[in-house]
Amino acid sequence: MRALLLRQKQVLLFIIAGGLSAVVEIGSFKIFSTYLPQMIAQEQNFYGIHYPLSNILSTSCGILFNYFLSIWFVFERGKHSKKKEFFYFMVVSFISTILSLIFFQVFYSFIFKDNINLIFYTLSPEIISKIAAILLVSILNYSVKKKVIFNG
């Protein structure tokens, strides 16, 4: 019973850490996707890839923020050294970033075409696509991080 409660607590903390990391990622994406196209004209469409630099930079911000939240609040230290743990975390995050970029492109190009008006804020297709990609990848992230990286 204690293990079940601990697991549920860990899932809840992972969701909170992931939500905060998503806020950092989406917020930084909004900033990057607003200002980078003013400096780099190809940022909006680089050979069919929409907002590549904004995506990479914002995902990096979210990953680093999530790493620190993960080691401080979510997971117990695993069997790996801190260096190995960080390396594995970054490898998993790199793969997750590639998946997130792919999902973003699919969502932005084919699925989310219109704004969603939330009365107090309007979500653009870019932001909706980013949110959907984050949600999809976060499920994979929890499983891999729990079983491979922080498997103490």
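Predicted model: local features only at pLDDT ≥ 70, side-chain atom pairs only at ≥ 80, totals over all residues.
Numbering runs from 1 along each chain as its sequence is written, and side-chain values use heavy atoms, without hydrogens and water.

I checked two spans. Residues 56-75 are 95% helix and 0% strand, with end C-alpha atoms 25 Å apart. Residues 87-107 are 100% helix and 0% strand, and their end C-alpha atoms lie 30 Å apart. Helices here are DSSP runs (H or I, at least four residues), and strands are E runs of at least two.

**Aromatic pairs.** I found eleven aromatic pairs in the structure. Rings of Phe, Tyr and Trp (its six-membered ring) pair if their centres lie within 6.5 Å; planes under 30 degrees apart are stacked, over 60 edge-to-face, the rest tilted. Tyr67 and Phe89 pair edge-to-face, at 4.7 Å centre to centre and 70 degrees between the planes. This pair links helix α2 (residues 52-74) to helix α3, 22 residues apart. Both Tyr67 and Phe89 are buried (under 20% relative accessible area; exposed is over 50%, partly exposed in between; 1.4 Å probe, protein chains only). Ring pairs join Tyr67, Phe68, Trp72, Phe86 and Phe89 into a cluster.

**Accessibility.** I then looked up Lys9 in helix α1 (residues 2-39). Lys9 is exposed because its relative accessible area is 51%. Its C-alpha atom is separated from that of Tyr51 by 36 Å.
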